[in-house]
Amino acid sequence: MSIVSISSGTPTVTAEDLHTLASKVGFTIEPRSEDEKAFLLFANSLDATAKEVENLPEYVDPRLLPTPVEGGERKYIRPAPKDNPLNAWSHKSELKASSSGKLSGKTVAFKDNISVGSLPLTIGTSPTFFVDDKYPISTIDASVVSRVLTAGGHGKGTAVCENFSVFALSYSAHTGPVHNAWGKGYATGGSSSGCAALISAKDVKVWKEMGKELPLPTDALDEEGVDMGIGGDQGGSIRLPAAYSGIYGLKPTHGLIPYTGIANLLPSIDHTGPMARSLEDIATLLTVLAGYDGIDPRQTPETPLRSNVLDYNALLASWIDSRRKVDEWTPSSSAKGLRIGILKEGWQVPGLDSEVSSLVRNAADRFRSLGAEVHEVSVPLHLQGAAIWSIACRPGMPATQQNRAGDMLSHTLPGFEPRGPDQHLFDTLAHRNPAVPNILLNAVHLEKKYGPGLTRRAQMQIYALRAAYDEALEKCDVMLTPVNPTVGMPHPKGLEEGGKGAPALELVQNAVGSTCNTCPFNVTGHPAMSVPVGWGRTRDGKGKLPVGMQFVGKRWGELDVLKAASAWEVGGRGLWD
């Protein structure tokens, strides 16, 4: 460390300021001593250095400048309630940059923690939590946005996400609950709730057109919806809403898809990835999104260059075609040669509903009739996976929630200035999303009671957990677990926009255990995908809602996950059986 210059200007730090700083660090400096004189000079020198940087303009990497779109100027609207029946849209827009490409003709929604140039970035929360009480307007396109647009995708706007993107169900957003497309007033799952609702709305329409009876009353028939979405996943936030909504959601290998331009929660667990109505769309969108962008520090030498990204859909189609040629793409042989591991501990997590448990177990067992080699695998440490995730990640979350620069060079979001925590935040979110103030309290508690040693221990255990999964995956191509531990439940009352909220304990109790089968794979980085496998009866007995099964593969083994899911579907399309 060096002091780059000694200040000779007007002092900006007083002796009183210096003593306050010292007390916060945990030591004292003798008043009017030579030490006070020296360190006061050092502090003023730092202030002078800081002023130099403060006077520099923000720099935006040219690679993140918004992609030119048809019509030139980008416009957006906040849709009226009548035009937003599922309350799933944050802001609507029309963004088209190309008429050709892998995504030509596909409509896409972006989770509202993703920077879309010229659109507000709300991260699901109130504008009062930002400087100037206004949502920041994005001046960049996240890497995934520019890749979608240049591949011919039709961006339709931003989809609601849960408040600060940290809730596993779909009722914490500032704008109110996002309704399950299959049942008005029921949970969609979070935090990529809006994307899931908008995608599954199209399935609801197809279901109706097929003459099938809808399981519950819904407003989804009034929602145009989208073909696919880009979600975010730090603990299950792609897979859970996909499972609750009956669509597909893939959390890729950590670092396969760049996270640049997305509001982060913690770099070690930040994932973004595809959500869609079909496996083919998941595979195509994965190819469009994947690959090194030269900016995101989450990406490693294992991340493929754009030119080396696999064409997942073409490879999947080729594999299926090879099976057809030998007459093995049938309901009795589609999974021949695949090794399927049913993760024993995946059925032992707390909060797993018995109906969901048996439904997913039967879905996993169906691989036997499809010709696969099916056996149980055991990873005892999986049952501590959620605890490891919590302790390894919780202390660092408050800083990244505030868009603070991390320890590694990364392109933080320009103009994105959340306010620091205060009484207003607690009073507002304790009864809408208590997870946010709880994270802040947890970080202080862990530091005060345990110091940094506990987080170090948890991070060491991540390597143990990763090794345990890797060992299990040597015995199988994919592992299977349930995703959503319960069927979608009714939203609590009082959470509509402007509502009084609900008791903190009630809000949290509904979500307890939701991520026990999903968050362990965020810290280990393995790819994991939710696949719809059937219907479970709601707890109030009024109808049925979708249930998902999780397919987990080796790191960088997304193609194995897609193959297994595709083979399973030959034996039955889950919701569509």
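One term before we start. Buried means under 20% relative accessible area, exposed means over 50%, and partly exposed is in between, with a 1.4 Å probe and protein chains only. Strands are DSSP runs of E with at least two residues, helices are runs of H or I with at least four, and both are numbered from the N terminus.

This is a predicted model: local features need pLDDT of at least 70, side-chain atom pairs count only at pLDDT 80 or more, and totals for chains, interfaces and linings use all residues. Residues are numbered from 1 along each chain as its sequence is written, and side-chain values use heavy atoms, with hydrogens and water left out.

Start with strand β12, residues 544-553. Nine of its ten residues are buried, so the rest of the structure largely encloses β12.

Who are its neighbours? Two strands pair if DSSP finds at least two bridges between them. On one side, β11 (residues 528-537) pairs with β12, antiparallel, over nine bridges. There, glycine 534 stands opposite valine 547. The two strands make a hairpin with six residues between them, and glycine 541 in the turn has a positive phi of about 75°. β10 (residues 478-482) also runs antiparallel to β12, joined by five bridges. Methionine 479 faces valine 552 there.

Now zoom out. Twelve strands form an open, mixed sheet, in the order β1-β2-β4-β3-β5-β7-β6-β11-β12-β10-β8-β9. β1 (76-77) and β9 (373-377) are the edges; each has a single partner strand, so one side of each has no neighbour in the sheet. β8 (residues 339-343) pairs with β9 in parallel, over five bridges. In that pair, arginine 339 has glutamate 373 as its bridge partner.

Back to methionine 479. A nonpolar core is a set of buried Ala, Val, Leu, Ile, Met, Phe, Trp, Tyr and Cys residues joined through side-chain atoms within 4.5 Å. The largest one has 139 residues, and Phe367, Met479 and Phe551 touch the most other members. Helix α4 (residues 193-209) gives this core its largest share, eight residues. Contact means heavy atoms within 4.5 Å. Leaving out residues up to four places away in sequence, methionine 479 touches, among others, Gly341, Val377, Phe521 and Phe551.

Last stop: which element gives the largest share of the lining of the largest pocket? That is α13, with five residues.
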